[in-house]
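Please look at the sequence and the structure below before reading on. The report that follows is meant to be read alongside them.

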Amino acid sequence: MHDRLDHHGMNDMSDEASLAAALRALPANTPPQEAWRNLSGRIGRRRAVRRTVWFTLPAAFAAGIALAFAWPHLNLRAPSPPSARVAQTSSSAKPHTRPQPDVAALQASSAKWQNWVQSLSHNGAPLDGRALASAVALQDRIGMVDLQLSAARSPAAAAGLWQQRITLLQQLGLLHLQPYAVAEQTHPAYNRVISM
Amino acid sequence: MDAHSNFQQHVEPDTIARLKGGDLTAFESVYRQFERAAWTLALRLTGRADVAQEVLQDAMLKAFERARQYRGDAPFAAWLRKLVVNESLMQLRHDRLHVIEVFDDDTLGDDSAPQPWTSADAATLDRALNRLPDDARAVLWLYHVEGFTHVEIAREFGRSVSFSKSQLARGTKRLRELLQPRVEDTPCTIGSTTTA
């Protein structure tokens, strides 16, 4: 300890040695009796917390992953789109004759698609800005089709407009399905819509 | 480590190995072995039993939880002592106990006066030590009892070597003053002589 005495004279050295001896002679103190009990209790609590974290954290993580994969299949999953074969069935019933537009069937199909889109918008994730703008544009176009439908004079014109409405509803539904498509590209509802 | 330090104790390698493995029984044996040394050091450095209790708890808890970090370069007792010193000085800073007292040299006792600690009993010296400013008391104790050099003390405090030397010199003077009997404390016999 080279710096211990470098600034002291002989008198200080004697002073220092006697003070050191006096301080060292002071008896050691004993900590309160409850100190160990408190310390061991603290260790026990910390171990318990750590154990809980070690067990619950991976479980929560696994549950999170499972939830992410199962999300489309849970209650919040995208509702299945209605069958698009309604109008086609009626037209295939008479394959050899000139197909007559089944306005009632198209109308019913449109209503089903609309219900599907509504359930998607209620249960699905909120749309981002770009998708929301597209959804508004599609809804405007549907509104225009509805306006034209109210003025349609022939069944053929009405059938065309209903078909157009169904297509627009499908596109609207696809917008709402995008988050599900990211989570699971093979989602049945998604596939059905794509194949339609 | 200074031979006079209460921490000058050997810990069995097997105990250290078990402690590193998180064995609470091994930890208790280490705690029992060093509780008085750690408590005394914490009490001397902080000057307050309630703070010393926190220091003891926190330092021992760290010793248990960080036992794996002990590499065996120095004696285990020195490693443990460093934890106690660090915790004590941290508590002093944290609790704003670490007030630097401005010594007024004019009021300090005479350097050439006899060493009053040689004749003071332990209780008196203990009381005088507790009346010292925190810095001075801690430096005195680390230097004289634990055998720290000024360089080591300066490092622990995050201050200069001059700070350590100055605190030691002034603390010694103040201690001398505190231990010297005051003039007003000496019995006055003049009055009794005249009235007799």
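## Confidence of the model

Chain A averages a pLDDT of 73, with 64% of the residues scoring at least 70. Within chain A the confidence is highest in helix α5 (residues 129-150), at 84, and lowest in helix α7 (residues 188-195), where the mean is 45. The pLDDT stays below 50 over residues 181-196 of chain A, although this stretch has 25 contacts in the model beyond near neighbours in sequence. Where pLDDT is low, the predicted coordinates should not be read in detail.

## The two chains

Chain A is built with 7 helices and 0 strands, and chain B with 9 helices and 0 strands. Of the 196 residues of chain A, 20% count as buried, while for the 196 residues of chain B the share is 39%.

In chain A, 68% of the contacts with a separation of 6 or more are between residues 24 or more positions apart. In chain B, among contacts between residues at least 6 apart in sequence, 72% join residues at least 24 apart.

## Where the chains meet

The contact between the chains involves 24 residues of chain A and 30 residues of chain B. On the side of chain A that touches chain B, α1 (10-25) and α2 (34-70) of chain A each supply at least two residues, and the largest share, 7 residues, comes from α1(A). By residue type, this side of chain A divides into 14 nonpolar, 5 polar and 5 charged residues.

## The nonpolar cores

The largest nonpolar core has 54 residues, and B:Ala38 and B:Ala42 are those with the most contacts inside it. At least two residues of this core come from each of α1 of chain A and, in chain B, α2 (24-46), α3, α4 (76-94), α5 (122-130), α6 (134-144) and α8 (161-179). The helix that gives the most is α2(B), with 12 residues. Because domain 1 (13-94) and domain 2 (113-179) of chain B both give residues to this core, it lies between them.

Leaving aside residues up to four places away in sequence, B:Ala42 touches B:Ala52, B:Val55, B:Leu56, B:Val84 and B:Ser88. A second, separate core of 17 residues includes A:Val145, A:Ala159, A:Trp162 and A:Leu168.

Helix α3 (residues 49-65) of chain B has 17 residues and reaches 24 Å from its first C-alpha to its last, close to the 24 Å expected at 1.5 Å a residue.

Helix α4(B) has 19 residues and reaches 27 Å between its first and last C-alpha, close to the 27 Å expected at 1.5 Å a residue. Among its buried residues are B:Phe76, B:Trp79, B:Val84 and B:Ser88, together with B:Arg81 and B:Glu87. What covers the buried residues of α4(B) includes α1 (13-20), α2, α3, α6 and α7 (150-157) of chain B.

Key:
Residues are numbered from 1 along each chain as its sequence is written. Chains are lettered from A and ligands numbered from 1 in the order in which they are written. This is a predicted model: local features need pLDDT of at least 70, side-chain atom pairs count only at pLDDT 80 or more; totals for chains, interfaces and linings use all residues. Helices (H or I, at least four residues) and strands (E, at least two) are DSSP runs, numbered from the N terminus. A residue is buried if 20 or more other C-beta atoms lie within 10 Å of its own, exposed if 12 or fewer, and partly exposed in between; C-beta atoms are placed from the backbone. Two residues are in contact if their C-beta atoms, placed from the backbone, lie within 7 Å. Ala, Val, Leu, Ile, Met, Phe, Trp, Tyr, Cys and Pro count as nonpolar, Asp, Glu, Lys and Arg as charged, and the others, Gly among them, as polar. The expected span of a helix is 1.5 Å times one less than its number of residues. A nonpolar core is a set of buried Ala, Val, Leu, Ile, Met, Phe, Trp, Tyr and Cys residues joined through C-beta atoms within 7 Å. Domain bounds come from an automatic or database domain assignment. pLDDT is the predictor's confidence in each residue, from 0 to 100.
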